[in-house]
Structures are given as C-alpha cells and as structure tokens.
Amino acid sequence: DGRFLAASTRQDGFELYDLASGKPVHTFSITGPLSALAFSPDGRRLAAGTRVPVRLRPNAQGGSGFLFEPVNGQMAAIAAWETNTGRQLFSIPAGHWVSALAFRGEGSLLAVSGDLNAPGTVSVYNGTTGQKTATLVDRVDASSAAAFSPDRTWLAGGSGSVPGGAVKL
C-alpha cells in the first residue's frame, strides 16, 4: 500500500521503515542471510525467506574447480509478521534456500519457491499459520520469481535459466 519499506540492514534480520517519516517502526529477527521479502497486496503482512550459508569445496568428482555446498546442520527459514503490530505470525524451516515469495490477495496464501522438499520446489502455505497447503511444482530449475494473478486464481513462476510456467489454483 506504499506505507512501508522493508530493508535488510544486518546478517540476522531486517527493518520495516515508515516511508512518511523515514524512521524504522519494527525490527525483525530471522535466522540466516535474507534472500526474499514480500508484502501482502494490502500491506498488512510481510514475509521473509532466508538461505543457508554456503562454503566452497574442491570438486571431488574429478572435475576442476570448486563446488558450493550448504553448511551442515543449518536450515533456511520462512517467517511472516503483521506490519502494523510487528507480531510474528509464524516461522518454519525451509530446506537450504528460499528464492521467491508472493502473497495472494489479503495474505491468506503465501507462495514460496526454493529448496523446500527438493531443489526447485514451489509450494503454497497458509499466510497466517505457515501450514503447507499444497506443493505445486516438485522440481524447477532454481525458480527465482513468483506472482499471483490479479484475480487470485493463477500462480506464475520463472527463473533466469528456464522458461516460466503457471498453475491454476
């Protein structure tokens, strides 16, 4: 609704700023480096996703160079808050990374792409409780965008390396 701006200012969270005053109104903590943020279209909810830190390791399969691997024992997270009060609605584990978030309408549903069940999963969660309601796509190539249609009946996703697609809800 144009009232707030969310910005990552540190390693373990981000802040919500009131655009009229330019002052921070809430500070949110979340585990891991921030990788995605999304406001609900009505501006009443804010969701964040993180990624697990990665490290370089030598390619053990005979190839040259290095491979990125997630740091063992760490999980990414998905969390949501009310923007007016700063109250956290939920925080749930999310595999190794969250690459895109999109709320449907007033925030009742939250689409999430990333490494949730397997690399490149696109799932839908209840926007208030964080309970998973559906897995729409089991595997896509590192989906990096997600959006609901204005009539709230389609979810579209895409990435830089493969053509996008859409799913009717």
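Leaving aside neighbours within four places in sequence, which residues is serine 40 in contact with? The list runs Arg45, Phe103, Gly105, Glu106 and Gly107, where contact means heavy atoms within 4.5 Å. Serine 40 itself sits in the loop between β4 (34-39) and β5 (45-50). Its relative accessible area is 2%, so serine 40 is buried; the cut-offs are under 20% for buried, over 50% for exposed and partly exposed in between, with a 1.4 Å probe and protein chains only.

A word on the model. It is a predicted one, with local features needing pLDDT of at least 70 and side-chain atom pairs counting only at pLDDT 80 or more, while totals for chains, interfaces and linings use all residues. Residues are numbered from 1 along each chain as its sequence is written, and side-chain values use heavy atoms, leaving out hydrogens and water.

Now for the sheet. Three strands make up an open sheet in the order β1-β2-β3, and the pairing is antiparallel. Strands here are DSSP runs of E with at least two residues, numbered from the N terminus, and two of them pair if DSSP finds at least two bridges between them. At the edges lie β1 (4-10) and β3 (24-29), each of which pairs on one side only. From one strand to the next, the twist averages 25°, with axes taken as lines fitted to C-alpha atoms and angles running from 0 to 180 degrees between N-to-C directions. Five bridges join β1 to β2 (residues 13-18) in the antiparallel sense. Phenylalanine 4 has aspartate 18 of β2 as its bridge partner.

Then there are the aromatics. Rings of Phe, Tyr and Trp (its six-membered ring) pair if their centres lie within 6.5 Å; planes under 30 degrees apart count as stacked, over 60 as edge-to-face and the rest as tilted. By this rule there are three aromatic pairs. One of them is tilted and joins phenylalanine 14 to phenylalanine 28, at 5.1 Å centre to centre with 40° between the planes. Phenylalanine 14 belongs to strand β2 and phenylalanine 28 to strand β3, so to speak distant parts of the chain, 14 residues apart. Both of these phenylalanines are buried.

Phenylalanine 14 also pairs with tryptophan 81: the ring centres are 5.4 Å apart and the planes stand at 80°, so this pair is edge-to-face. Here the link runs from strand β2 to strand β8 (residues 77-82), across 67 residues. Phenylalanine 14 has a relative accessible area of 0%, and tryptophan 81, at 3%, is buried too. Together, Phe14, Phe28 and Trp81 form one aromatic cluster.

Conventions: Helix = DSSP H or I, 4+ residues; strand = E, 2+ residues; numbered from the N terminus.
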